[in-house]
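Please read these notes with the model open beside you. Each point takes one part of the chain.

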Amino acid sequence: MRHLKKSIVAAAFTLAASLPALAADPIKIGLVLPMTGPFAAYGKQIEHGVKLYLATKGDTFGGRKVELIVKDDAPGTAGDVSKRLAQELVIKDKVDILAGFGLTPSAFAVAPVATEAKKPMVVMNAATSAVTTKSNYLVRTSMTLPQITAPIATWASKNGIKKVFTLVADYGPGHDAEGQFKKTFTAAGGEIVGEVRAPVKNPDFAPFLQKIKDTKPDAVFIFLPPGAETIAFMKGFTERGLTAAGIRLIATGDLPDEDILEAIGDAALGLITSFHYSEAHKSPENKAYTEAYYKAYPKDRPNFMSMGGYDGMHLIAEVLKKTGGNADAEKFVEAAKGMKWTSPRGPISIDPVTRDIVQTIYIRKVERVAGKLQNVEFDQVNEFKDPGKQ
Ligand code: PHB
């Protein structure tokens, strides 16, 4: 008898699992994010952005209430870990949408899972250009490295910088940044006088800084994923006398990221970068966003990663409204293509061909504003597509 009861229960479970989700069922979003380890700040910020959207705009779209399931794929650079967690989200948790992805190796590893399971995948940070080519169900709301690099290369060539040394992290985004900087800068007549790739984990910058000092370039161009190492790098640059030697520093805006800007301190003052989001961006949308952010998370600062999460959630919400709560991968992607909105970062859209983000890239300078270090925007390139795909 007991055995029979058990098998009936088991059969009911199997049946429930195989039934298609009803429109009134919650929409399950599986967030794959580094929540602990060296890149824990990425997970924290992206989750902040997603949750802030739900707290300020409501949590039900197209008739379906959003349910978040967060999986910690620390360290965020081990693709096999991210892949196993994404498979668990699909098989055990039966999520409708895969989202998050702090670092490129995580997005690369999960893209085939999205394709196989036919699940939409919303990339909220990972920024190597090729990420969006890894699954037809993938849409990105962050940025791409070539997109945020080309404008600073153009700016450098127009502002008296003739010889540049490049230093990047030795993985996808770093290779993209190095390649795009070289391409744009040399096409404008500039010269690359040296290049190094630093390990992503535990880099020792001392020999690189010495080499740069000896080479005497006009400027160093840098891409490093923000964290403890970038803070150490910025301090080392000043302490080892590179600033005093007149060597300028230019970078993508992840270097003076708001999350670590105060930790870098005055060593960041005057740093010129190009990027898609600054806390100091002047617009009514950003004012409302940053005020809501500080109310919800008084101990943190809004940065580009929380922005990627916020806009990623906006995209999911708008798609669900359009499809009446249907998150079928084909329908999701069709609804997302060409979508346009005014984000707190400025006007953005989803390129219907590449499923990647099109946005304004700003040139900014680190200044102290009302006692706080900020990336103050002073120039911009509008509706800029990823040059990495052209
Ligand atoms: C990435 O791994 O794709 C990545 C991480 C941090 C960034 C940009 C790109 O700031």
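Contact here means heavy atoms within 4.5 Å. This is a predicted model: local features need pLDDT of at least 70, side-chain atom pairs count only at pLDDT 80 or more, and totals for chains, interfaces and linings use all residues. Residues are numbered from 1 along each chain as its sequence is written, and side-chain values use heavy atoms, with hydrogens and water left out.

1. **Whole chain.** Start with the secondary structure: twelve helices and 15 strands. Helices (H or I, at least four residues) and strands (E, at least two) are DSSP runs, numbered from the N terminus. The radius of gyration is 22 Å, close to the 21 Å that the globule rule gives for 390 residues, so the chain is as compact as a globular protein of that length. That radius is taken over C-alpha atoms, and the rule is 2.2 Å times the number of residues to the power 0.38. Along its principal axes, the C-alpha trace spans about 85 × 40 × 40 Å.

2. **Burial and surface.** Of the 390 residues, 56% count as buried. Buried means under 20% relative accessible area, exposed over 50%, and partly exposed in between (1.4 Å probe, protein chains only). The accessible surface comes to about 16100 Å². Carbon and sulfur atoms hold 55% of that surface. Areas come from the Shrake-Rupley method with a 1.4 Å probe; for residues, only the protein chains shown count as cover. Now take contacts between residues at least 6 apart in sequence: 68% of them join residues at least 24 apart.

3. **The ligand.** Which residues are closest to the ligand? They are L103, T104, A127, Y171 and D254, and 16 residues surround the ligand in total. To count as near, a residue needs one heavy atom within 4 Å of the molecule or strand. A polar side-chain atom of T104 lies 2.5 Å from a ligand oxygen. For D254, an N or O atom of the side chain is 2.6 Å from an oxygen of the ligand. A127 uses its backbone: a polar atom there is 2.8 Å from a ligand oxygen. The ligand has 280 Å² of accessible area on its own, and the protein covers 100% of it.

4. **Helix α8.** This helix runs over residues 228-239, twelve residues in total. From first C-alpha to last it reaches 17 Å, close to the 16 Å expected at 1.5 Å a residue. The expected span is 1.5 Å times one less than the number of residues. T230, I231, F233, M234, G236 and F237 are buried. An α-helix has 3.6 residues a turn, so residues three or four places apart point the same way. What covers the buried residues of α8? The cover includes β7 (163-169), α7 (206-215), β9 (219-223), β10 (248-252) and α9 (258-264). Just after α8, G241 takes a positive phi of about 85°.

5. **S274.** Find this residue in strand β11 (residues 272-275). Is S274 buried or exposed? It is buried, with a relative accessible area of 0%. Among the residues that S274 touches are I148, I152, A251, G253 and Y362, not counting residues up to four places away in sequence. The side chain of S274 reaches the backbone oxygen of I148 at 2.5 Å. A polar atom of that side chain also lies 3.4 Å from the backbone nitrogen of I152. A polar contact is a pair of N or O atoms within 3.5 Å; within protein, one must be able to donate a hydrogen and the other to accept it, and residues adjacent in sequence count only if both atoms are side-chain atoms.

6. **R301.** This residue sits in the loop between α10 (284-296) and α11 (304-323). R301 is buried, at 9% relative accessible area. Its side chain makes a polar contact of 3.1 Å with the side chain of Q374. R301 also touches residues including E258, E262, E279 and Y294.

7. **Backbone exceptions.** Most residues other than glycine have a negative phi, and most peptide bonds are trans. A74 and P75 are joined by a cis peptide bond, with omega about 5°. P75 lies in the loop between β3 (64-72) and α3 (79-91). F101 is not a glycine, yet has a positive phi of about 75°. F101 counts as buried, at 0% relative accessibility. N202 is not a glycine either, and its phi is positive at about 45°. N202 counts as exposed, at 68%.
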